[in-house]
Structures are given as C-alpha cells and as structure tokens.
Amino acid sequence: MKNWLVGLTGGIGSGKTAAADRFIAHGITTVDADLASRAVVAPGEEALSLIAEQFGDDILLADGNLDRAKLRHIVFADESKRRWLQSLLHPLISNYLRQHIEQATSEYVILVNPLLIESRQTSWCNRVLVIDAPESQQVTRTMARDNNTAAQVENIMQAQLPRDVRLQAADDVITNDKDLAHLHAQVDELHRRYKELCRTQPE
Ligand code: ATP
C-alpha cells in the first residue's frame, strides 16, 4: 500500500463513525468499507446485474437499487448462495478500497471497516486502531440512534467478533466510555502519534 494506513474497527455502536469524523476534522482522509459495499452494487454496476441474474429481478427495489434486506435474508438461509455472493463482492470491495486508499493525499489514511479483522485487511495496515466501549453503552447508544430494541442490538453483538479477540488485534485502543470530548481528546493524541510515525516509520 502506497499510503501509510490506519485500520479503524470496533463493534456496533462503539463510536467508529464519531472517531472517524474527528480524524476527518484534522484533514485525514477516511475510506469506508460500508460505503464501498454499497458502491460496488449501485445501479449501473456489473455486480448488480449479476446479482439480479442469480436471484431474479425481485431482488431489486422499484427505484432500481438492490434490496439489501431481501438479499441478506436469502443468503443468511443458504450457505452456497452466501459463498457465491461473497466471491463476487469481496474482490470488488477490496479493489474499491485499495483504489481510494491509494488516491488519498492526506498525511496518512484511515480505513474504517467493522469487519477489518474478519476480512484480514489488517494485513494492509501499518496500525490497527480499535474503538472499544462497554457493551451496555454500545446497546444504549445504538438503541438511541437506530430505534432498535436492546435484544436486536445484543443479537448483532453476538454475531460480531468477541471483544477480547478484537482487542488482541489492536495496536491502539480508544476507550469510548465517556463523553464526546473524551473521545476527541484520544483521537487528537493518536493523530499526533500517527503523524510522527508515518514520517519516521514509513514502512
Ligand atoms: P455502527 O457500527 O453501528 O455503524 P459506530 O461504531 O460507527 O456504529 P457511532 O455511530 O459513531 O458508532 O456511535 C453510535 C452512536 O453513539 C451515535 O449516535 C453517536 O453519535 C453516539 N456516540 C458515540 N460516542 C459517543 C460518546 N462518547 N458520547 C455520546 N454519544 C456517543
């Protein structure tokens, strides 16, 4: 990877977006895997035609966009369909992310991916930054943001990597258990470190 790269990850509602926004305020370019996974199946993309061929036009919404909820249901219930979809999308998402990382011109670049560790993109990164919050706060913050029940958020947390596995992969950890000012202060400190590191340890 041509640019010095920080991989940023964390569980649902841990504060990844809030942390990324603070890096952006320092002029750092962030590349977002959630955005990439939408971009590669946008109307007009070949992958969308292939998905419609495979699953039928019912997989499209009236406006031509992919019905992501329906697709999630289908592949959740069928391992071979899930594998087919992953083998289609994984390389496209990887290419999209690599391209955007390489085009960036900020001092260093941040790759935001909730599945950074699972997708092994940690191998692209010079540092891995985990945003960590107590599970009770992940639940209350996500409920407030998305209008979900506690049980829905807990189900998603169950399906994600256990907290200790994520923490083991971290070079740096931000503990997001207080207010936003506390989160921002930790980002500001790491921004100073990363600027220094990317100058002194470019590889
Ligand atoms: P997801 O994985 O679901 O996309 P995320 O890790 O990106 O979540 P955020 O969206 O940044 O998490 O944070 C979840 C919610 O909690 C947001 O509404 C955000 O504004 C709020 N939040 C994050 N950190 C704090 C904090 N320290 N104090 C108060 N609210 C916070």
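Isoleucine 74 counts as partly exposed, at 25% relative accessibility; buried means under 20% relative accessible area, exposed over 50%, and partly exposed in between (1.4 Å probe, protein chains only). This is a predicted model, in which local features need pLDDT of at least 70, side-chain atom pairs count only at pLDDT 80 or more, and totals for chains, interfaces and linings use all residues. Residues are numbered from 1 along each chain as its sequence is written, and side-chain values use heavy atoms, with hydrogens and water left out.

**Isoleucine 74**

- Isoleucine 74 lies in helix H4; helices (H or I, at least four residues) and strands (E, at least two) are DSSP runs, numbered from the N terminus.
- Not counting residues up to four places away in sequence, isoleucine 74 touches Phe55, Ile59 and Lys81, where contact means heavy atoms within 4.5 Å.
- Isoleucine 74 and isoleucine 93 are 19 residues apart along the chain, and their C-alpha atoms are separated by 20 Å.

**Nonpolar cores**

- A nonpolar core is a set of buried Ala, Val, Leu, Ile, Met, Phe, Trp, Tyr and Cys residues joined through side-chain atoms within 4.5 Å.
- The largest such core has 30 residues, and Ile51, Leu71, Leu89 and Leu97 have the most contacts inside it.
- At least two residues of this core come from each of helix H2 (33-39), helix H3 (46-55), helix H4 (68-76), helix H5 (79-103), strand S3 (109-112) and strand S4 (127-132).
- H5 gives the most to this core, with six residues.
- Another core, of 19 residues, lies apart from it and includes Trp4, Ile131, Ile174 and Val187.
- Leucine 89 is in contact with Val40, Val41, Ala47 and Ile51, leaving aside its neighbours within four places in sequence.
- In soluble globular proteins, nonpolar side chains tend to be buried together.

**Surroundings of the ligand**

- The ligand is surrounded by 14 residues, of which the closest are Lys16, Thr17, Arg145, Asn176 and Lys178; a residue is near a molecule if one of its heavy atoms lies within 4 Å of it.
- The shell around the ligand divides into three nonpolar, six polar and five charged residues; Ala, Val, Leu, Ile, Met, Phe, Trp, Tyr, Cys and Pro count as nonpolar, Asp, Glu, Lys and Arg as charged, and the others, Gly among them, as polar.
- The largest share of this shell, three residues, comes from H1.
- Oxygen atoms of the ligand lie 3.1 Å from a polar backbone atom of glycine 13 and 2.9 Å from a polar backbone atom of alanine 18.
- A nitrogen atom of the ligand is 3.4 Å from a polar side-chain atom of arginine 141.
- Of the 630 Å² of accessible area that the ligand has on its own, the protein covers 75%; accessible areas come from the Shrake-Rupley method with a 1.4 Å probe, and for residues only the protein chains shown count as cover.
- Helix H1 (16-25) and helix H6 (135-146) are the elements that give two or more residues to the shell around the ligand.

**Asparagine 176**

- Asparagine 176 lies in the loop between strand S5 (172-175) and helix H9 (180-200) and counts as buried, at 4% relative accessibility.
- Beyond four places in sequence, the residues that asparagine 176 touches include Ser14, Asp132 and Arg141.

**Residues with positive phi**

- Arginine 120, although not a glycine, has a positive phi of about 60°; arginine 120 is in the loop between S3 and S4 and counts as exposed, at 64% relative accessibility.
- Asparagine 147, also not a glycine, has a positive phi of about 65°; asparagine 147 is in the loop between H6 and helix H7 (150-159) and is exposed, with a relative accessible area of 74%.

Definitions and conventions:
A polar contact is a pair of N or O atoms within 3.5 Å; within protein, one must be able to donate a hydrogen and the other to accept it, and residues adjacent in sequence count only if both atoms are side-chain atoms.
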